Amino acid sequence: MEYIGNIIGLLNGYVWSPAMLVFVVVSGVYFSIRLRLTQVRNLKDMVRNLVSNQSSESGISTFNSFWTTMAARVGVGNIAGVAVAVYLGGPGTIFWMWVTSILLAAISFTECSLGQLYKIRVDGEYRGGAYYCAEIGLGWKWFGKLFAIVTVVGMLFGMPGIQANMIGEGLNHSLGVSPLMTGVVGAIFLGIIILGGIKRISTFAAVLVPIKVGLFLVLTAVVLIANYDRIPTMFSWIFLSAFDQGSVFGGMMGSAVAMGIRRATFASGAGMGEETPAAAAAETAHPVGQGLANSFGIYMDIVICTCSGLMILVTDCFNTASGYIGSGSAKMAELAAAGKNGIVFPQEAVGTLMPGLGEFVMGVVVILFAFTTILSYYYQAETGMAYILGNASESTRKNVYLVMKVMVLMVYIYFSTTTSTVAWAAADLACGMMVWLNVLMLWFLFPKVVAILNDYEEQSKADQVPFFDPDKVGIANVDLWKEINKDKITAARESDKAKITVARSENLQLNI
């Protein structure tokens, strides 16, 4: 196990090098400028598109697509991951997460819009992903296959591990439940849901994800209110240490910036391409509408991350790698000596308010966060496999999907009992590899995103409900959209003909 962890750690050193951090930030800045900060300007449209309940036999509603995406975004990375980031980079990490999230929203909008643009219909359901974007949009079938393979491997064997591990560790810390028992029981429930396909996964996510988000927000509010007198100190830690000011967390600015970018990217999933399959599965009239709706999730995601950070800071239930030991809980010194961090920080933070019960409540929250995230990861793996299988028969695909479902359940049980170090390293490696490949592809397809955004905004300014006509925008190989918007496109062309006829008649009268 230690040998495997060392190999994964070595690979992470290359994947998550400073070049990665620069790549993500530069991409976010460039996309934001070219899109004229659409992630800020169009907040109203984000919410309006989000509440759309339009669905069909082929596609789920925008609302369900959003919450399916949020199922992937809002996981234990938002709780335990933030705690780890604060441990490694200090409180200033939270500030750099805020900055990064604005840039990531532009990347999220780009990939989700492209996912919708280049979606196809497979077995009567919409499918999409970075692999389809690469093949259809760029003609890079080889790249599509490569990314699909990385997606399947990462989403089956890398990303689910930390979710399963944190459930096992959280319940073991709070209730003393055996991680193996937690893994077996969790695998049974997971199997029941994923056997129902994307419809059941999206429905389950649309119900459970808002509950877990709401519960965590309420829990954070209660902790902050109970410690209101420490709020000024908490924010001073965040802003001062973000710029290496103050003596308590001095010398951690470099780590704070790196961990802020890394954790925001991992927690939000922006740039990984993990949002794209769920975004493509939605029934919508214009790709940009779905892009706006799903990118709104970045802001919700960063709110959850912020809640996690504020909770441990305001209660002083955190330690740092630089040697700071919190005084909010008697266990902090013990945790520091043992080198433990992560989910135990927020558990101790809630425990200061509700001793004993607090750890249990946080354990339940962790289960909700991790479980729905694994569901989304599985769906992404299945979508990637659908691309790899290509024109294989429906029976062949179903058999392969069944094997994948068994495998993800075995992975769930395995990572429930392994060390958190290996689990985090495996998840980071999967995330990093997907970011490198996906964002690289986004640069080549970005002009198409600018074109469809201009089309969407032109219709919106004319007080029209935007719909997508690929011929009007000049984008080829997306004939599915002609079928989706057939009636609207026909009506628009008839209207244009009528306007031209009237204009010619008026010109003729003027000439006479």
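Predicted model: local features only at pLDDT ≥ 70, side-chain atom pairs only at ≥ 80, totals over all residues.
**View 1. The largest pocket and its centre.**
Empty space in a protein can be found by rolling a probe the size of a water molecule over the atoms. Here the largest pocket has a volume of about 610 Å³. Its lining is made of 26 residues. Closest to the centre are Val84, Asn341, Ser420, Thr421 and Trp424. By type, the lining holds 10 nonpolar, 9 polar and 7 charged residues.

Which helices each supply at least two residues of this lining? They are α1 (2-15), α6 (80-89), α9 (141-175), α13 (253-268), α16 (332-338) and α20 (420-461). Helix α20 gives the largest share, with 5 residues.

**View 2. Helix α7 against helix α12.**
Two packed helices are described by the angle between their axes and the distance between the axes. Helix α7 spans residues 92-117, and helix α12 spans residues 231-242. Their axes lie 6 Å apart, at an angle of about 75 degrees. Angles of 65 to 115 degrees count as roughly perpendicular, so α7 is roughly perpendicular to α12.

Which residues meet here? From α7 come Gly92, Ile94, Phe95, Trp96 and Trp98. From α12 come Phe235, Trp237, Ile238, Phe239, Ser241 and Ala242. The contact of α7 with α12 has 9 nonpolar residues, 2 polar and no charged.

**View 3. Helix α7 against helix α6.**
The axes of α6 and α7 come within 8 Å. They cross at roughly 120 degrees.

On the α6 side, the contact uses Val82, Ala85, Val86 and Gly89. On the α7 side, it uses Gly92, Thr93, Ile94 and Met97. Sorted by type, the residues of this contact are 5 nonpolar, 3 polar and no charged. Gly92 and Ile94 of α7 take part here, and they also meet α12.

**View 4. An aromatic pair, Tyr132 and Tyr387.**
The model has 27 aromatic pairs. One of them joins Tyr132 and Tyr387. How are the two rings arranged, stacked or edge-to-face? They are edge-to-face. The ring centres are 5.0 Å apart, with 85 degrees between the planes. Planes over 60 degrees apart count as edge-to-face.

This pair links distant parts of the chain. Tyr132 sits in helix α8 (residues 130-138). Tyr387 sits in helix α18 (residues 357-389).

Definitions and conventions:
Residues numbered from 1 in each chain as written. Heavy atoms only, no water. 1 Å grid on protein atoms, 1.4 Å probe; cavity = no way out; pocket = protein on both sides within 12 Å on 5 of 7 lines; lining within 4 Å. Points joined across faces, edges and corners; volume = space filled by probe spheres on them. Helix = DSSP H or I, 4+ residues; strand = E, 2+ residues; numbered from the N terminus. Nonpolar A, V, L, I, M, F, W, Y, C, P; charged D, E, K, R; others polar. Axes fitted to C-alpha atoms, helices over the stretch in contact; angles between N-to-C directions. Parallel < 35°, antiparallel > 145°, perpendicular 65-115°, else oblique. Contact = heavy atoms within 4.5 Å. Phe/Tyr/Trp six-rings, centres within 6.5 Å; stacked < 30°, edge-to-face > 60°.
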